[in-house]
Amino acid sequence: MSLVVQDLVVELGGRRVVDGVSFEVPDGARVGLIGESGSGKSLTALAILGLLPVGAVVSGSIRWQGRELAGLSDRELATLRGDEIGIVFQEPQTALNPIRTVGRQIAESVRIHEGLGRRAALERAVAEAERVRLPDPDRIVRRYPHQLSGGQRQRVAIAMALACRPRLLIADEPTTALDVTIQADILELLQALVARDGMSLVFITHDLAVLSQIATHAVVLERGRVVESGPLSTLLTAPASAVTQGLLRNATATLWRPGGGDG
């Protein structure tokens, strides 16, 4: 197993916001964490990455390739983030530096983790921009985030996350801020890149229809606890919990594709 989370507990301000969450992500698997707002899905991802808010108390086990991550220092976790584990957040505008070109931001990861010089890193940035299907990559890497569309900014964020070819990608609601057409394009891009590189994927969303496009298994959360998990095809056709049944009823009709999570 590439990622094994066991009995994860996160407390914030004396309140237990993640309560005994356990799940596994085998090598190359695509697993979804799904639940309504406040279910603990994003906090679970932040705990894996060591990016929880100051004052958060964590217990339980988070093992990545057999190595225990819980309790590692910020410096130790920083060597993993962007190298072995990539992250894409919901709103790229907040993840990108507004006063640096997107090319420099894509290049930063390979400079840090692979030791490339500035020229080589910028050449790599152009290649990564092309890989995520940004138009005219030689030109677009010289632009600033505010000069790009929302979909283009999210492609930049994906390029940044995958530049060092991580073994695991955590995507936290990466399409929520985009319109439906761009959502479909980003989902297709992520699916293609994950398959091409043989990465494992943890995809976080509140939308079961979106999840059906990219994941094969799902973990359903409510109030910080796992209420159901299993193959996505089973959750779509025979949901056992009231939470999953509600998510199924609320699935976005425009992205609905029965069995889409099986591909």
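What distance separates the centres of domain 1 and domain 2, taken over C-alpha atoms?

**View 1. Two domains of the predicted model.** The centres of domain 1 and domain 2, taken over C-alpha atoms, are 25 Å apart. The domain assignment of the protein chain places residues 2-84 + 167-254 in domain 1 and residues 95-165 in domain 2.

**View 2. The interface of domain 1 and domain 2.** About 1,400 Å² is buried between the two domains, and carbon and sulfur atoms account for 59% of this area. On the side of domain 1, 20 residues are in contact with 14 residues of domain 2.

**View 3. Salt bridges and polar contacts between the domains.** Three salt bridges are counted between domain 1 and domain 2. A salt bridge joins the side chains of aspartate 197 and arginine 131, with an N to O distance of 2.2 Å. Helix H2 (74-80) and helix H8 (180-197) each contribute at least two residues to the side of domain 1 that touches domain 2. H8 provides the largest share of that side, 10 residues. By class, the residues of the side of domain 1 that touches domain 2 are 11 nonpolar, two polar and seven charged. Polar contact across the interface is found for four residue pairs, both residues at pLDDT 80 or more.

**View 4. An open sheet of four strands.** The strand order is S2-S1-S4-S5, with antiparallel pairing. Strand S2 (15-25) and strand S5 (67-68) are the edge strands, each pairing on one side only.

**View 5. Pairing of S4 with S5.** Two bridges connect strand S4 (residues 57-64) and S5 in the antiparallel sense. Opposite tryptophan 64 stands arginine 67 in S5.

Technical notes. Residues numbered from 1 in each chain as written. Predicted model: local features only at pLDDT ≥ 70, side-chain atom pairs only at ≥ 80, totals over all residues. Heavy atoms only, no water. Pairing = 2+ DSSP bridges. Domains from an automatic or database assignment. Contact = heavy atoms within 4.5 Å. Buried area = accessible area lost by both parts, 1.4 Å probe. Salt bridge = Lys/Arg side-chain N within 4 Å of Asp/Glu carboxyl O. Polar contact = N/O pair within 3.5 Å; in protein donor to acceptor, adjacent residues only side chain to side chain. Nonpolar A, V, L, I, M, F, W, Y, C, P; charged D, E, K, R; others polar.
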